[in-house]
Amino acid sequence: EYEMGENSPVSVVLKRMQCLLFDWHNYGKPTIGARSDIENVEIENLQAFYHRYYQPDNAVLTVSGKFEPKAVLSEIERIFGVIPKPARKLPHEWTVEPTADGERFFTVRRPGEAKLVAVGYRVPAASSPDFVKVDLGLSILTDSPKGRLYKALVDTGLAGQVFGFSIAAKDPGFVFIGAKLKKDGDEEKVKQVMLKVLESSF
């Protein structure tokens with residue numbers, strides 16, 4: 001999984017962007033960790049993490065499809081209701097990311113022909129009523145073929161694809177919006193058009 005991410009321009013840029021979006025919060029570190037974490041972590045550390053966090057009070061069960069709610073809830077209660085509540089308490093997190101102090105820019109240069117221009121913005125936590133507006137805004141901007149960025153970048157031939165997704169998180173997270181360029185694409189032009197569209201949309 002780590003190697004797949006390292007071979008994906010979007011994943012590489014996303015990891016670098018997280019580091020710039022957050023100075024102190026752990027959201028600034030990719031979940032998968034560094035290569036040395038994966039190669040050197042001791043099995044006891046993995047087991048301790050599993051036993052601390054993978055318990056019923058820190059899990060979500062999703063049921064989808066056509067079903068009878070009462071019957072499904074009864075079955076869930078029968079299967080999972082017998083599991084005792086853990087005695088341990090999850091550690092309290094105290095880090096609050098300070099307000100961002102300005103724009104930040106970065107460039108990633110690696111072998112290959114892929115070109116990508118992306119922006120990131122910090123947004124409210126998933127539990128905030130405003131988070132629905134964030135997802136709606138992403139659709140308005142990046143929908144194919146009606147989105148504002150699609151029309152400004154893909155329809156004009158400046159980019160081959162636009163995309164965007166949000167990180168729905170417990171604490172305030174972020175959105176990632178990008179455009180994949182053709183081999184001979186003009187990164188600076190795409191950046192300027194992208195920022196103009198984004199800044200005039202809000």
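**Entry 1: helix α8**

I began with the packing of α8, whose buried residues lie against β1 (115-122), α6 (131-142), α7 (148-154) and β3 (174-181); I take helices (H or I, at least four residues) and strands (E, at least two) as DSSP runs, numbered from the N terminus. Before going on I noted that this is a predicted model, in which local features need pLDDT of at least 70 and side-chain atom pairs count only at pLDDT 80 or more, while totals for chains, interfaces and linings use all residues. I also noted that residues are numbered from 1 along each chain as its sequence is written, and that side-chain values use heavy atoms, with hydrogens and water left out.

I listed the buried residues of α8 as Val190, Val193, Met194, Leu195, Val197 and Leu198, where buried means under 20% relative accessible area, exposed over 50%, and partly exposed in between (1.4 Å probe, protein chains only). The helix covers residues 187-200, and its 14 residues reach 20 Å from the first C-alpha to the last, close to the 20 Å expected at 1.5 Å a residue; the expected span is 1.5 Å times one less than the number of residues. At the start of α8 I found a side-chain oxygen of Asp186 within 3.1 Å of the backbone nitrogen of Glu188.

I then followed Leu149, which, leaving aside neighbours within four places in sequence, is in contact (heavy atoms within 4.5 Å) with Leu141, Thr142, Val154, Val162, Ile177, Met194, Val197 and Leu198.

**Entry 2: Glu6 and Lys15**

Which side chains make polar contacts with that of Glu6? I found Lys15 at 2.4 Å and Arg110 at 3.2 Å, a polar contact being a pair of N or O atoms within 3.5 Å; within protein, one must be able to donate a hydrogen and the other to accept it, and residues adjacent in sequence count only if both atoms are side-chain atoms.

Glu6 is in helix α1 (residues 2-6) and counts as buried because its relative accessibility is 17%. Lys15, in helix α2 (residues 9-21), has 11% relative accessibility and therefore counts as buried. Not counting residues up to four places away in sequence, Glu6 touches Val12, Lys15 and Arg110, while Lys15 touches Tyr2, Glu6 and Pro30.

**Entry 3: the chain as a whole**

I counted 8 helices and 3 strands in the protein chain, and from the N terminus on the elements run α-α-α-α-α-β-α-α-β-β-α. The radius of gyration is 21 Å, whereas a compact globule of 202 residues would have one near 17 Å; the radius is taken over C-alpha atoms, and the globule rule is 2.2 Å times the number of residues to the power 0.38. Buried residues make up 28% of the 202 residues. Of the contacts with a separation of 6 or more, 67% are between residues 24 or more positions apart.
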